[in-house]
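Me: Can you walk me through this model? I'd like the confidence first, then the local details.

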Amino acid sequence: EIDRLLRPGGYWVMSSPPISWKSPYKGPNKTIENLDGEQLAMEDTANKLCWEKVSDKGTLSVWRKPINHLHCAQEAEFLRSPPLCTEDDPDTAWYVNISMCRTHLPRVELDGGPLEKWPQRLATVPPRIANGEIKGMSIQAYKHDCSVWRRRVELYGTYLKDLSHRSYRNVMDMNAGFGSFAAAMLKYPVWVMNVVPANITDNNTLGIIYERGLIGTYMDWCEAFSTYPRTYDLIHANGVFSLYINK
């Protein structure tokens, strides 16, 4: 699951036992043999996933996920690595069973070329749209959406005059779409959580949001959001009620 979540070249940091179990540590019901075996098992799993260990110091170890699986394809059979997933969608993550396979690298890294650097990537057409990978999402529709939300946020600014004065810090967009609301809010000193309603529409846009350099998550709004209940200073709920009108 960690391998699925990490982007190509991403890092995973382990900072607690069994890492470096020889360091002074006394855990409940843990023996030296237990900790030694746990660390060896973790090292074996990391090797099978083709992760590279880049740091090992004290109680801290850092592994890096490969950029691609080509360089370790020959070693996979020898290491008895899990097979590459055949039919999974790496973007599917809401109530999906964990599979005992290695997730294919995102298509954008293979076919779409490198992403633009921040902040240019925020305004650039995301590779998933530029390549026509997502049905029904055209470049024209994306640009129109960006234009609409620029105008709307300008209007919001006339009503919420404290946006510029750090009165609002944490903002949630309950139905984020392409993430254009968050992109238009860039000029304000706020942080926006983009939420894509799960299992409601056929258009999964969370990958597009990430390609724009924004942060987001899935949510079924028939359930409670798993965060502290008074986290957000402003909730943006465009089109949410109509999505759930029959629920």
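This is a predicted model: local features need pLDDT of at least 70, side-chain atom pairs count only at pLDDT 80 or more; totals for chains, interfaces and linings use all residues.

Me: What is the mean pLDDT of the chain?

Reply: The mean is 84, and 87% of residues reach 70 or more. pLDDT is the predictor's confidence in each residue, from 0 to 100. Over residues 108-112 it is below 50. Beyond near neighbours in sequence, that stretch has 11 contacts in the model (contact: heavy atoms within 4.5 Å).

Me: Now α7. How many residues does it have?

Reply: Helix α7 has 21, residues 139-159. From first C-alpha to last, α7 reaches 31 Å, close to the 30 Å expected at 1.5 Å a residue. That expected span is 1.5 Å times one less than the number of residues. Helices (H or I, at least four residues) and strands (E, at least two) are DSSP runs, numbered from the N terminus.

Me: Which residues of α7 are buried?

Reply: Tyr142, Asp145, Cys146, Val148, Trp149, Val153 and Gly157. Buried means under 20% relative accessible area, exposed over 50%, partly exposed in between (1.4 Å probe, protein chains only).

Me: What about Leu160, where is that?

Reply: Leu160 sits in the loop between α7 and β4 (170-173). Leu160 is partly exposed because its relative accessibility is 25%. Not counting residues up to four places away in sequence, Leu160 touches Tyr168 and Leu234.

Me: Switching to the backbone. Which peptide bond is cis?

Reply: The one from Trp118 to Pro119, with omega near 5 degrees. Pro119 lies in the loop between α4 (107-110) and α5. Most peptide bonds are trans, and most residues other than glycine have a negative phi.

Me: What is the phi of Cys50?

Reply: Positive, about 70 degrees, although Cys50 is not a glycine. Arg166 is also no glycine and has a positive phi of about 65 degrees.

Me: Is Cys50 buried or exposed?

Reply: Cys50 is buried, because its relative accessibility is 13%. Arg166 is exposed, at 61%.

Definitions and conventions:
Residues are numbered from 1 along each chain as its sequence is written. Side-chain values use heavy atoms; hydrogens and water are left out.
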